[in-house]
Amino acid sequence: MPAADVKPTRSELLEIKKKIKLTKSGYKILKMKRDGLILEFFKILEQAKDIRDKVNHDYEEAMQRIAVSKAVDGAITVQSAAFALKTHPELSLRSKNIMGIVVPEIEANSIRTPMDQRGYGVIGTSVYIDEAAKAFENLVQTIIEAAEIETTMKKLLDEVEKTKRRVNALEFKVIPELQESEAFIRLRLEEMERENTFRLKRVKQKAEAHG
Amino acid sequence: MLSIRGSKGNYAYVTARVKAKKSLLISKDNYPKLMLMDLNEIGRFLGETQYQVEMTELATKYDGVNLIELGTSRNLARVFTDILNYSKGDLRNMLERYLMRWDIWNIKTVMRGKYYGASAEDIQEDIVAAGKFDEGYINILISLENVEAVLKELKNREGLEIPDEFVKEFQETQTLAPIEDYLDQLYYAEVLACVKCRDKAERLFKQFLRKEVDVTNLMTLLKLKKEGLAPEHPEKYFIEGGDELQIKALVDLSGAESMDRLASELTRYSFYADIKDALEEFKKTGSLSPAGLAMQRHLLRSSEKFSHIYPLSVLPIMDYMLRKKQEVDNIRIIARCKESDLAPDQIKKLLVM
């Protein structure tokens, strides 16, 4: 609110003083939240870096295993083995709270299956297909972990940005404006008081001159 | 050995034809050249060899590595069916039983495709009609509605009936694995029963088949151990009729505390020398692939040794079939590895020559 729009009254001054106090405490809390979120973000960032490396590693491993499997057993055999498994991994999504932010918690079921439950026969399936299947199971598991960590990191980053904007707005706009309004009201009140004193003096002078 | 159908078989004729076919196999010194070629060059090279017919036929529909893989596998199917068609008597019976592995393979593919709900075209692409079942019969299987209908149809085929308990188990658990394992066991039971051991060559053929059973059982054993699986009835994963590894020994070995313990138990078997390095590598990499390759090489060496002993027997025919299969595998390995940009050293390790 521009200072000029403020009514220069004592009650308004009291109101603004209250607002300044409240805004300053809010600013302090938001600043603490921002610092806390940044700390949390850096912790998650480390995990995100590690999981990203793991995704890359597992992806390369899986692609190499499937390439070897397709080479040795043939794409036909690999495709035929893939037909044998119809079940899909199930994901259950829950949420947890980090400093007021709701982040997802992903739990996956039936991703890693024992060799004897992959749908194809144990006797007739080659080790290459088994190893490729296992490598892809590991990759899917890692991708799910990465999805959880990266979503948390993204949400934290959004919240840090939002909090930073709020802190800056309070620090550079709301508080200075309120302080400006407070100063304006003070000034106006002082001026009004001076005018009043002067008016009283003039009245007194006139009364003495007539008297 | 006379060429009368219904008697022992036309060994002289078939072995002569197979010998001629053997001379068409790609020689060892061609593999390094193939490794230096790109996919188009490999395709062109194959188009100038015995794969010409299939490569030309399929070139309108496929290209690159898929053309190479399908062309070579269709050629393998044609060559094996040709050999089967001009064999007679007991020889034909033995070869028919030996090639039943492809029928089993096709049945498994059809069942998997039906189970998954794949289209008829997708299933047809995965078929290698190198056994007794021709493409017409396999297409009938593909056209059936579901797995149960395929199993019902197989009841009409002698020697391939699936017992009701497996059908019931499939209906309850909706998993094909027990049926597939049963089919693999059935294959070896059938082929071993078919070889009557009337002469030394047949005895050697049976011994070779028993070695193959040993290799399959050993790989199953290693897979179970690697996965840390301790099934209640491990015998259901093993095939009867092995040369050195009998079911009881395999069950005992599957109870070994660790892979190290299992490796030390295996030292008393003749194939240990072939698998020793691969087991050492397993300790470092955790991969059983080298063991699989080592055992494949072991089998090829055995078949080559046997094939020279009795030139007018089933042994050189079987040796040719193994070599032909290996050639197709090697071509595919080179092409697929080229497609995936795998290092030449890695390609060399995967080749079996």
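Trainee: Where in chain B is the place of B:Gln174?
Mentor: This is a predicted model. In it, B:Gln174 lies in the loop between helix H11 (164-173) and helix H12 (177-194) of chain B. Its phi is near 55°, a positive value in a residue other than glycine.

Trainee: Why is B:Gln174 called partly exposed?
Mentor: Its relative accessible area is 33%. Buried means under 20% and exposed means over 50%, so B:Gln174, at 33%, falls in between and counts as partly exposed.

Trainee: What makes B:Asp341 exposed?
Mentor: The relative accessible area of B:Asp341 is 68%. The cut-off for exposed is over 50%, so B:Asp341 is classed as exposed. Its place is in the loop between helix H18 (314-339) and helix H19 (344-350) of chain B. Phi of B:Asp341 is near 60°, again positive in a residue other than glycine.

Trainee: Is B:Tyr86 buried or exposed, and how do you know?
Mentor: B:Tyr86 has a relative accessible area of 11%. That is under 20%, so B:Tyr86 is buried. B:Tyr86 is found in the loop between helix H5 (64-85) and helix H6 (89-98) of chain B. From B:Tyr86 to B:Tyr182 there are 96 residues in sequence and 31 Å in space, C-alpha to C-alpha.

Trainee: What makes H7(B) mostly covered?
Mentor: Of the 17 residues of H7(B), 15 are buried.

Trainee: How far does helix H7 of chain B reach, and what is expected?
Mentor: Helix H7 (residues 100-116) of chain B reaches 24 Å from its first C-alpha to its last. The span expected at 1.5 Å a residue is 24 Å, and the helix is close to it. After H7(B) comes B:Gly117, with a positive phi near 90°.

Trainee: What radius of gyration does chain A have, and what would a compact globule of 211 residues have?
Mentor: Chain A has 35 Å, whereas a compact globule of 211 residues would be near 17 Å. The C-alpha atoms of chain A fill a box of roughly 125 × 25 × 25 Å along the principal axes. Of the residues of chain A, 37% count as buried.

Trainee: Which pattern does chain A follow along the sequence?
Mentor: The pattern is α-α-β-β-α, from three helices and two strands.

Trainee: Why are H1(A) and H3(A) called roughly antiparallel?
Mentor: The axes of helix H1 (residues 10-73) and helix H3 (residues 127-210) of chain A cross at roughly 165°. Angles over 145 degrees count as roughly antiparallel, and H1(A) and H3(A) therefore get that label. Their axes come within 4 Å. By class, the contact of H1(A) with H3(A) has 39 nonpolar, ten polar and 25 charged residues.

Trainee: Which hand does the crossing of H1(A) and H3(A) have?
Mentor: H1(A) passes H3(A) in a left-handed crossing.

Key
Residues numbered from 1 in each chain as written. Chains lettered and ligands numbered in written order. Predicted model: local features only at pLDDT ≥ 70, side-chain atom pairs only at ≥ 80, totals over all residues. Heavy atoms only, no water. Axes fitted to C-alpha atoms, helices over the stretch in contact; angles between N-to-C directions. Parallel < 35°, antiparallel > 145°, perpendicular 65-115°, else oblique. Left-handed = near helix turned anticlockwise from the far one by under 90°. Nonpolar A, V, L, I, M, F, W, Y, C, P; charged D, E, K, R; others polar. Expected span 1.5 Å × (residues − 1). Buried < 20%, exposed > 50% of the residue type's maximum accessible area, 1.4 Å probe, protein only. Rg over C-alpha atoms; globule rule 2.2 N^0.38 Å.
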